[in-house]
Amino acid sequence: MATLINEGKAKQLFTTDDPNIIQVHYLNQATALNGKRKEPVADKGVVNNQIDSLIFNYLNQQGIATHFIKQLSPSDQLVKKMKMVRLEVVVRNYASGSFQRKFDTEYLLKFDEPVQEFYYKSDRLDDPFINDSQIHALQIATPEQLSTMRDQVFKINQLLNQLFAKAGITLVDFKVEFGFDPDGNLILGDEISPDSCRLVDSQTHASLDKDVFRKHTGNVMDGYRTVLSRLEATVK
């Protein structure tokens, strides 16, 4: 019988018959401000699971090592058990969100090269920005591990840009997390979805991600369903 291991802001983790495999259940709720705002959203878990499964399957096929095994049901998937690194790895292709506020830039200013940032994963501290020296001081990751994450995240960015562009979507920025699989390999984990990406329509620049929920600008599921339908049409 499956046992609940952990419950986060958007997912529940359960044991399986294999100690090295976890069942992930996506919840029908949206959160903002590191969980300080939380609301039920019908069908969000189902749509997010389908988007994430599609993207991770695509990355697996492109040679990116990930935790993803397979989609199990509309709202569930199987993944490798991971020991996560306490870092959020962010890549920005255009100015938005905290970058835009911090540096007072034009919205969707395109960067000549992608910007990469690390954040310390802590809801209590609101995930503060952290640099390499601080990461080393706190013994979160070695220089070699940081180099691996950087190399991987830029490859992931290139692949995701190609995928979303074919779907008529611009990848503004995204957050990913890495961890160690049961064999000790540092690989991609967590999720990639409109919860963790900023996505806009390539023509209208209409937001298709969780910014709609954060800013109270409409029905957040309209964008999520648009992303799913376009990606499904693109990968077929």
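## Basis of the description

Helices (H or I, at least four residues) and strands (E, at least two) are DSSP runs, numbered from the N terminus. The model is predicted, so that local features need pLDDT of at least 70 and side-chain atom pairs count only at pLDDT 80 or more, while totals for chains, interfaces and linings use all residues. Residues are numbered from 1 along each chain as its sequence is written, and side-chain values use heavy atoms, with hydrogens and water left out.

S196 is located in the loop between β12 (186-189) and β13 (197-201). With a relative accessibility of 10%, S196 counts as buried (under 20% relative accessible area; exposed is over 50% and partly exposed in between, with a 1.4 Å probe and protein chains only).

Contact here means heavy atoms within 4.5 Å. Beyond its neighbours within four places in sequence, S196 is in contact with D173, F174, K175 and E191. The C-alpha atoms of S196 and K175 lie 5.4 Å apart, although these residues are 21 apart in sequence.

Helix α1 (residues 44-61) packs on helix α4 (residues 143-166) at an angle of about 120°, with the axes 11 Å apart. The pair is therefore oblique, since angles under 35 degrees count as roughly parallel, over 145 as roughly antiparallel, 65 to 115 as roughly perpendicular and the rest as oblique. Axes are lines fitted to C-alpha atoms, for helices over the stretch in contact, and angles run from 0 to 180 degrees between N-to-C directions. I55, Y58 and L59 of α1 meet I156, L159, L160, Q162, L163 and F164 of α4.

The angle between α4 and helix α6 (residues 220-235) is about 100°, and their axes are 8 Å apart; the two are therefore roughly perpendicular. L163, F164 and K166 of α4 make this contact with V227, L231, T234 and V235 of α6.

## Aromatic pairs

Rings of Phe, Tyr and Trp (its six-membered ring) pair if their centres lie within 6.5 Å; planes under 30 degrees apart count as stacked, over 60 as edge-to-face and the rest as tilted. This rule gives 4 aromatic pairs. The F99 and F103 rings have centres 4.8 Å apart and planes at 55°, so this pair is tilted. F99 is buried at 13% relative accessibility, whereas F103 is partly exposed at 49%.

Y119 and F129 form an edge-to-face pair, at 5.7 Å centre to centre and 85° between the planes. Y119 belongs to strand β10 (residues 110-120) and F129 to the loop between β10 and α3 (132-137), so the pair ties together parts 10 residues apart in sequence.
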